[in-house]
Amino acid sequence: MKNKILAILLVLTLLLSGCSELKLKMDQIENYESEESICQRYSYEVLDYLESGDKDGLKSMFSEDVRNTDDFDEEIDELFEIWGDYMIEDRESLDIRSGGRESAWDYGEWTRDTILINVKDLQIEEIDFMGICVCLADADEENIGVQRITLWDDSENEVIIAVG
């Protein structure tokens with residue numbers, strides 16, 4: 001009798017632990033967003049703020065950790081000065097893609113998930129390329145958000161400005 005009770009308890013434990021794993025997987029499926037969608041969403045939002053001259057909006061995209069660095073406001077001002085009043089007529093012509101994604105998963109929790117977004121063919125005077133590094137998930141919530149925006153001159157293979 002004692003063995004039957006232990007067997008029943010063991011089966012129930014296994015079934016219940018399987019349910020939580022199934023719920024976790026279902027949450028992942030329901031909240032899934034493709035890398036392509038993530039890249040386009042963040043790129044367009046950054047471009048919206050740059051084109052409209054909305055410094056506060058762009059600042060809000062950055063992680064709290066980056067916003068608290070000493071030179072952050074000066075870097076943002078310089079970025080907007082370099083961008084000027086440039087407008088991208090056709091965003092569909094931009095080459096927006098993932099430059100890589102790094103994820104860490106520990107005991108059912110994201111401990112870090114970052115993506116590098118490449119926006120090519122900007123053709124803003126000397127600026128050909130923009131890189132956007134975004135932390136999508138982190139054990140430390142202060143790290144979540146844009147980590148860095150970099151503008152490149154491909155012809156000279158040099159960084160024009162890096163914020164963050």
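Strand E4 and strand E5 (residues 158–163) pair in the antiparallel sense over five bridges; two strands count as paired if DSSP finds at least two bridges between them. Helices (H or I, at least four residues) and strands (E, at least two) are DSSP runs, numbered from the N terminus. This is a predicted model, in which local features need pLDDT of at least 70, side-chain atom pairs count only at pLDDT 80 or more, and totals for chains, interfaces and linings use all residues. Residues are numbered from 1 along each chain as its sequence is written, and side-chain values use heavy atoms, with hydrogens and water left out.

- Four residues lie between E4 and E5 in their hairpin, where Asn157 takes a positive phi near 50°.
- E4 also pairs with strand E3 (residues 127–138), in the antiparallel sense and over seven bridges.
- Six residues separate E3 from E4 in the hairpin that they form, and Cys133 stands opposite Arg148 in E4.
- Of the nine residues in E4 (residues 145–153), seven are buried; buried means under 20% relative accessible area, exposed over 50%, and partly exposed in between (1.4 Å probe, protein chains only).
- In a regular strand, side chains alternate between the two faces of the sheet.

**Helix H5**

- Helix H5 (residues 72–83) has twelve residues and should span 16 Å at 1.5 Å a residue, which agrees with the 16 Å between its end C-alpha atoms; the expected span is 1.5 Å times one less than the number of residues.
- Phe72, Ile76, Leu79, Phe80 and Trp83 are the buried residues of H5.
- These buried residues fall within an arc of 95° seen down the axis, so they line one face of H5; the arc is that of the directions from the helix axis to the C-beta atoms.
- An α-helix has 3.6 residues a turn, so residues three or four places apart point the same way.

**Aromatic rings**

- The whole structure holds three aromatic pairs; rings of Phe, Tyr and Trp (its six-membered ring) pair if their centres lie within 6.5 Å, and planes under 30 degrees apart count as stacked, over 60 as edge-to-face and the rest as tilted.
- One of the pairs is Phe62 with Phe72, edge-to-face at 5.0 Å centre to centre, with 70° between the planes.
- Both Phe62 and Phe72 are buried.
- Trp83 and Tyr86 are edge-to-face because their ring centres are 5.7 Å apart and their planes are at 80°.
- Trp83 counts as buried at 3% relative accessibility, whereas Tyr86 counts as partly exposed at 24%.
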